[in-house]
Structure formats: C-alpha cells, structure tokens
Amino acid sequence: MQKLMNHDLTPLRARGGGETTRIVCGFMACDPHLGRPILNGLPPVFKVNVRTDRSGQWLENSIFHPLDEAASGRVGSDAMLAKLSEALFVDTLRRYVASLPEHQTG
C-alpha cells in the first residue's frame, strides 16, 4: 500500500517461483450522487476477459500505457491518466454487462 501512496509504480516481485502474475489496479472517482445508480448495480469486484475479440487487444495494450504515463512524470500525465481511466472503465463495464445472462441486464 505504501508504494501506491508514494506513486511508486515499480514492479513488486515476490519470487514465488510460479508463473508471472500481473495485476493492474486503479482508482477512479465520480460524483457519488450521479454515479450511484450505476455503481450500486455492480458487484464489488468483477472480472472480464479481454482476449475474446480485436477490441480486447486494444484494451489489453491500453492497460500498459497508463503505467508508463504515471511513471513518466511528464506535464499533463494526470490529465492523460484521468481520460484513459474513463475509457478503460467504460470498455470494461460494457464487457461485463455483455457477459451477463439476459435476465440480469436492463
């Protein structure tokens, strides 16, 4: 947690000897009153498969760009990260909803 609070995005290595696992986490804030109807309908955590179609390749590749951007410290990085996080959230949310059984959408 301390690495995150210090904006330290260097890889954390546990060296367990198994296959490499990559976890990318993020945070996006929104107005709680405007976002509540959507956010309350989501589970606390959900998983999507980005390797099912061509646009998923875009999503997978786009996940790595914010990591580089955050570490760069360049002017405008915060603005880039804000907009990228919005686009990634919308695409991920669309994939999640598309994976639901028909009786759970609306």
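Visitor: Which element of the chain has the lowest mean pLDDT, and which the highest?

Guide: Helix 1 (residues 2–5) has the lowest, at 58, and helix 2 (residues 32–39) the highest, at 82. The term pLDDT is the predictor's confidence in each residue, from 0 to 100. Helices (H or I, at least four residues) and strands (E, at least two) are DSSP runs, numbered from the N terminus. This is a predicted model, in which local features need pLDDT of at least 70 and side-chain atom pairs count only at pLDDT 80 or more, while totals for chains, interfaces and linings use all residues. Residues are numbered from 1 along each chain as its sequence is written, and side-chain values use heavy atoms, with hydrogens and water left out.

Visitor: What is the average pLDDT of the chain?

Guide: The average is 77, and 81% of the residues score at least 70.

Visitor: How many helices and strands does the chain have?

Guide: There are 4 helices and 0 strands, and the pattern along the sequence is α-α-α-α.

Visitor: Why is Arg95 called buried?

Guide: Buried means under 20% relative accessible area, exposed over 50%, and partly exposed in between (1.4 Å probe, protein chains only). Arg95 has a relative accessible area of 13%, so Arg95 is buried. Arg95 is located in helix 4.

Visitor: Why is Ala87 called partly exposed?

Guide: The relative accessibility of Ala87 is 34%, so Ala87 counts as partly exposed. Ala87 also belongs to helix 4 (residues 77–99).

Visitor: What makes the buried residues of helix 3 line one face?

Guide: The buried residues of helix 3 are Gly56, Leu59, Ser62, Pro66 and Glu69. Seen down the helix axis, they fall within an arc of 125 degrees, so they line one face of helix 3. The arc is that of the directions from the helix axis to the C-beta atoms. On the other side of helix 3, Arg54, Asn61, Asp68 and Ala71 are exposed.

Visitor: What do the buried residues of helix 3 pack against?

Guide: They pack against helix 4. The buried residues of helix 4, among them Leu84, Leu88 and Tyr96, pack against helix 2 and helix 3.

Visitor: How do you know that the reach of helix 4 is close to what is expected?

Guide: The expected span is 1.5 Å times one less than the number of residues. Helix 4 has 23 residues and reaches 33 Å from its first C-alpha to its last, close to the expected 33 Å. Helix 3 (residues 54–72), with 19 residues, reaches 28 Å, close to the expected 27 Å.

Visitor: What makes Arg95 and Asp53 a salt bridge?

Guide: A salt bridge is a side-chain nitrogen of Lys or Arg within 4 Å of a carboxyl oxygen of Asp or Glu. The closest N and O atoms of Arg95 and Asp53 are 3.1 Å apart, and the pair forms a salt bridge. It links distant parts of the chain: Arg95 is in helix 4 and Asp53 in the loop between helix 2 and helix 3, 42 residues apart.

Visitor: What is the distance between the closest N and O atoms of Asp91 and Arg95?

Guide: They are 2.9 Å apart, and Asp91 forms a salt bridge with Arg95. Salt bridges that share partners join Asp53, Asp91 and Arg95 into one network.

Visitor: Why are Asp91 and Arg95 about one helical turn apart?

Guide: They are 4 residues apart in helix 4, so about one helical turn separates them.

Note on methods: Contact = heavy atoms within 4.5 Å.
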